[in-house]
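Let's take a walk through a protein together, one piece at a time.

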Amino acid sequence: MTADHSQHHSNLKNKEIVVAITGGIAAYKTAELVRELTKRGSNVHVVMTKNAMEFVTPLTFQTLSGNPVINEMFQLFSGSKIGHVTLSDIADHLVIVPATANIIGKIANGIADDFLTTMVMATTVPVLFVPSMNTKMWESRIVQGNIEKLEDLGFRFLEPAAGELACGTSGKGRLPEVEDIVETMEDVFTLKDLQDQKIMVTAGPTTEFIDPVRCITNRSSGKMGYALAKIARRRGAEVILITGQTYVKPPRIDIEVIRVTTAVEMRNAVMDRFRECSVIIKAAAVADFRCRTESCQKMKKTSDAIVSLELEKNPDIIAELGAVKEHRVLVGFAAETENLTKNAADKLKRKQLDLIVANDVSKADIGFGSDDNEVTIVETTGHVKQVPRMSKDEVASIILDSVKKCLKKKQRKEDWY
């Protein structure tokens, strides 16, 4: 049984979060958001407008958050403390979800006629609006004008998703996925120490075809590469994710994702784009071999007990990058079953890497497909860092700390010359 790591590596832990719910059909989805925030260790305070209570009951949110739900204009927070002032004082972050056209309009025009709008006027903490409404309302010049006005004042917006809407139409206006809302909230409390970097991450397996239905592939899920892409973006980097076929959801909506299938396709995508990046992290499990000839027709079963496949080598993408990387930081991965550190150090030198991350793939409960990993990071200086078992998000953050060290070292060298 794998442990629940949603609380691991969360910058929302021990934060006082106010979740404000307004009167939209998507209000019921906010229950899942409150649940996820409490799982990450946040102390959640729920504020509801009168219209929100037409869709969901305060009892639901009181049960999920463990705190009383505030819905009255002059409700007291505790003792004689006035709610909207006290709550705005203790809050670290306020998220309005779903944010209706009505609430956006009221706040944009300084109207403070209920608990929520009054609290927004009194707060100095980051405020995130998560709009959800009919497509035509979203596209309305009035709504867009109000959003522009609020963004100019420093308020943040998460764009609605596109899809089928409750009113029966289809278009932009759906509430974004809970994971996307939480990830945007994580951003608020994350130090942007990779802000000026553009990072390429490769992830997942490659697939080599034998015939139209059969293929050679490997057990990589892509989770480690996806975690690296997510945490790099969270820390401010611009990210390009080049991924093989995987069932894992894209890590964030603001990451450029390039999908490939074969090793040759991955090589072409990497070589096309690496020049614009300052860091390349090769976390993909690229197949070493492909079939020399791919059959156009499905191979039929024969009575022969043995079928031979003729394999040829795939391009060695990381070696090719090592030869042309110049000032870029190049990070490789080594999946080993024995002599972990020695084999990783050999590969580091051979492929001209700046950093290599080795993991023992003989351990069944970590690595491939797991939410956890346990790695050894080897640097060109010979420094070896053992990273014990933890969630892949946490491992990603430690790897990126080592990347940052490499970037600083290169910067010092450039300054020297």
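We will start with a sheet, move on to helices and cores, and finish with some single residues. Please keep in mind that this is a predicted model.

In general, the strands of a sheet pair through backbone hydrogen bonds, in either a parallel or an antiparallel way. Here you can find an open sheet of 8 strands with mixed pairing. Follow them across in the order β12-β11-β8-β13-β16-β17-β18-β19. At the edges are β12, made of residues 256–259, and β19, made of residues 384–391, and each of these pairs on one side only. As you step from one strand to the next, the twist averages 20 degrees.

How do β8 and β13 pair, parallel or antiparallel? Strand β8 (residues 198–203) and strand β13 (residues 279–282) are parallel partners, joined over 4 bridges. Within this pair, Val201 has Ile281 of β13 standing opposite.

Helices lie against the strands too. Helix α9, residues 223–234, lies across β8, β11, β12, β13, β16 and β18. With β11 (238–243), the direction of α9 makes an angle of about 165 degrees. Another helix to look for is α12 (residues 340–350), which packs on the sheet and touches β16, β17, β18 and β19. The direction of α12 makes about 150 degrees with that of β17.

Next, let's look inside. The largest nonpolar core holds 36 residues. Which residues have the most contacts inside it? They are Ile199, Leu228, Ile281, Ile399 and Val403. Helix α13, spanning residues 392–416, gives the most to this core, contributing 8 residues. Take Leu228 as an example: setting aside residues up to four places away in sequence, Leu228 touches Val201, Ile281, Ala283, Phe333, Ala396, Ile399 and Leu400.

Let's turn to helix α1, which covers residues 30–39. Its buried residues are Thr30, Ala31, Leu33, Val34, Glu36 and Leu37. What do the buried residues of α1 pack against? Their partners are β1 (16–21), β2 (43–48), α2 (58–65), β3 (93–99) and α8 (178–188). After α1 comes Gly41, with a positive phi near 95 degrees.

Two helices can also pack on each other. Such a pair is described by the angle and the distance between the helix axes. The crossing is left-handed. On the α4 side, the contact is made by Ala101, Ile104, Gly105, Ile107 and Ala108. On the α7 side, Val143, Asn146, Ile147, Lys149 and Leu150 take part.

Beyond α4, in the loop between α4 and α5 (115–122), you will find Asp114. Is Asp114 buried or exposed? Asp114 counts as buried because its relative accessible area is 18%, and buried means under 20%. Leaving out neighbours within four places in sequence, Asp114 is in contact with Thr49, Met73 and Lys106.

Compare that with Ser170 in strand β7 (residues 170–174). Ser170 counts as exposed because its relative accessibility is 55%, and exposed means over 50%. With neighbours within four places in sequence set aside, Ser170 is in contact with Thr135, Gly163 and Glu164. Ser170 and Asn134 are 36 residues apart in sequence, with 8.8 Å from C-alpha to C-alpha.

Finally, here are some backbone details to look for. A cis peptide bond joins Val97 and Pro98, with omega at about -10 degrees, and Pro98 has its place in strand β3. Asn14 is not a glycine, but its phi is positive, near 65 degrees. Asn14 lies in the segment before β1 and is exposed, with a relative accessible area of 64%. Asn339, in the loop between β16 and α12, also has a positive phi, near 45 degrees. At 51% relative accessibility, Asn339 counts as exposed.

Notes
Residues are numbered from 1 along each chain as its sequence is written. This is a predicted model: local features need pLDDT of at least 70, side-chain atom pairs count only at pLDDT 80 or more; totals for chains, interfaces and linings use all residues. Side-chain values use heavy atoms; hydrogens and water are left out. Two strands pair if DSSP finds at least two bridges between them. Helices (H or I, at least four residues) and strands (E, at least two) are DSSP runs, numbered from the N terminus. Axes are lines fitted to C-alpha atoms, for helices over the stretch in contact, and angles run from 0 to 180 degrees between N-to-C directions. Contact means heavy atoms within 4.5 Å. Buried means under 20% relative accessible area, exposed over 50%, partly exposed in between (1.4 Å probe, protein chains only). A nonpolar core is a set of buried Ala, Val, Leu, Ile, Met, Phe, Trp, Tyr and Cys residues joined through side-chain atoms within 4.5 Å. A crossing is left-handed if the near helix is turned anticlockwise from the far one by less than a right angle, and right-handed if clockwise.
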